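Please look over the sequence and the model shown here.

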Amino acid sequence: MSSHCIHLGKRQKALLLLLLCMLVGVPASSQSAFDYISRNRSLSASNYCIYPDTIEPQMTPPPARKKPFYISHYGRHGSRYLSNRKGYDVPYKMLYKADSLHQLTEVGKSVLREMRNIIDDSEGRWGDLTGLGKKQHYDIANRMMKRFPEVFADTAFIDARSTIVNRCILSMGSAVQKMVANNPRLKISINCTYRDMWYMNHQDKHLRNNMMPPVADSIYKAFSAPREQNHRLMNLLFVDEDYVKREIDEMWLNYYLLKSALIQQNTHLGTSSTILDLFSYEDIHQFWQKENAWWYINYGPSPLNGGNQPFTQRYLLRKIIEEADSCISKAEHGASLRFGHETIILPLTCLLGINGFDYQTTNLEELEQRGWWACLVFPMASNIQLVFYREGPDDPDVIFKVLLNENEATLPLPTDITPYYHWRDFREYYLHKLEAYEEMPSHTSASVSP
């Protein structure tokens, strides 16, 4: 086997987790994905990355006399099983057929056995939250309460809402469970209803139908083509090269087998899975590049489809602003907790322009260099927190800071109190941005209301 293949023991896995923590805490533009993957042969799991929660981010003290009183949150569900069987069936069926025709090497037979074990373990659990996923939200809630105790003091009101997907409901439950354990006096409202889906998980048909127009599809295919084949892997798995040419879809076998390996870090099989050992760091770097470009076009601000995909989350952003205004008008303290999906948190991050994720380019080769790394935004249990501060209920100058995965982040707004921002500036900037989009002649989406 190639000396570049991955062999993840306990020490390497610890280094990987530390690496992810470092990356989430450091501005993406100062990093190089290729350098890190070359040195550590990882960071390729895209939306399958586990949440990096083993370090304590540095918190900048607020201006004098300002105290936290409200948190507005949107979080992705925690670690999960693969959402459907197709991702496993594609490689498994190819390998199974080859085995029946005596076309698998000993390595191929070993992979087939492991794939069978993975499928058996996942059966009936497709898309379910794993034990790790529950722990992620339990720990995030605990850290939130420790960092901002004033928000959760006494009988603070917590409004917790989830999309109607089971893994999101359980993620909410884990967070709330820890909050109640820490402070039984909290007044907590828990909701999971279709009535909230118009903003919690809005699916804009007009924008979705224009995610990958012909020009974007052509450019993405040209970008992906040199990154799709893996002849070395085929030689490891199969006996006869002619059989591979006749019967094996090399692109999809390479793709789904790697994805099957990467998601195991979210399950209890993560420590025993060996499929990832088949791939070199060049293999996974190329996979990472393809996935990153796909997410950029489909959910980011890519000009290749008009640059408007982040506006799928305009209703959520309006709701965030409205609920914050309501809480600011009251003397009480508390939090709005929302639990959903990576397909929401990534475009919301881009719509807000957090850490420069509103960056636009038609050149997909620029994404890595310029730090547009989707994996930094949406690991399992990823979250955005807006933490609000004031001197008291009558303070006219409410300020806030934004946390991306619990690390202080930036917005495209001027401020004299970095990393804090004035709420009035935020409201003016983003309401104008939303209104400008909604007034566009080409905007044909139907209005949505609760």
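The report below starts with the overall fold and then turns to single elements and residues.

## Overall fold

This is a predicted model. The protein has 17 helices and eight strands. Of its 450 residues, 58% are buried.

Take the contacts between residues at least 6 apart in sequence: 81% of them join residues at least 24 apart.

## Helix H17

Helix H17 runs over residues 423-438 and has 16 residues. From its first C-alpha to its last it reaches 22 Å. That is close to the 22 Å expected at 1.5 Å a residue. The buried residues in H17 are Trp-423, Phe-426, Tyr-430, Leu-431, Leu-434 and Tyr-437. Because they cover an arc of only 120 degrees around the axis, they sit on the same side of H17. The general rule is that an α-helix has 3.6 residues a turn, so residues three or four places apart point the same way.

The other side of H17 carries Glu-428 and His-432, which are exposed. The buried residues of H17 pack against both helices and strands. The helices are H8 (205-208), H14 (314-328) and H15 (342-352). The strands are E5 (383-390), E6 and E8 (421-422).

## Helix H9

Helix H9 covers residues 214-224, and its buried residues are Ala-216, Tyr-220, Phe-223 and Ser-224. Their arc around the axis is only 90 degrees, so they lie on the same side of H9. Helix H13 (281-299) is included in what covers these buried residues.

The face of H9 turned away from the buried side holds exposed residues. They are Pro-214, Lys-221 and Ala-222.

## Aromatic rings

The structure holds 28 aromatic pairs. In the pair Trp-423 and Phe-426, the ring centres are 4.8 Å apart and the planes meet at 15 degrees, so the pair counts as stacked. Both residues lie in helix H17, three residues apart, which is about one turn of the helix. Both Trp-423 and Phe-426 are buried.

The two rings also belong to one aromatic cluster.

## Cysteines

How many disulfides does the structure hold? The count is zero. For Cys-168, the closest cysteine sulfur is in Cys-192. The two sulfurs are 8.4 Å apart, so they are too far for a bond. Cys-168 is buried, with a relative accessible area of 0%.

Cys-375 is in no disulfide either. The nearest cysteine sulfur, that of Cys-49, is 5.4 Å away. The cut-off for a disulfide is 2.5 Å between sulfur atoms. Cys-375 counts as buried because its relative accessibility is 6%.

## A buried asparagine

Asn-405 sits in the loop between strand E6 (399-404) and strand E7 (407-408). Is Asn-405 buried or exposed? Its relative accessibility is 2%, so Asn-405 counts as buried.

## Backbone details in loops

The peptide bond from Thr-418 to Pro-419 is cis, with omega near 5 degrees. Pro-419 is in the loop between E7 and E8.

Which values of phi do Asp-154 and Ala-381 take? Asp-154 has phi near 55 degrees, a positive value in a residue other than glycine. Asp-154 is placed in the loop between helix H5 (131-147) and strand E2 (157-162). With a relative accessible area of 47%, Asp-154 is partly exposed. Ala-381 has phi near 70 degrees, again a positive value in a residue other than glycine. Ala-381 is found in the loop between helix H16 (366-370) and E5. At 0% relative accessibility, Ala-381 counts as buried.

Definitions and conventions. Residues are numbered from 1 along each chain as its sequence is written. This is a predicted model: local features need pLDDT of at least 70, side-chain atom pairs count only at pLDDT 80 or more; totals for chains, interfaces and linings use all residues. Side-chain values use heavy atoms; hydrogens and water are left out. Helices (H or I, at least four residues) and strands (E, at least two) are DSSP runs, numbered from the N terminus. Buried means under 20% relative accessible area, exposed over 50%, partly exposed in between (1.4 Å probe, protein chains only). The expected span of a helix is 1.5 Å times one less than its number of residues. The arc is that of the directions from the helix axis to the C-beta atoms. Contact means heavy atoms within 4.5 Å. Rings of Phe, Tyr and Trp (its six-membered ring) pair if their centres lie within 6.5 Å; planes under 30 degrees apart count as stacked, over 60 as edge-to-face and the rest as tilted.
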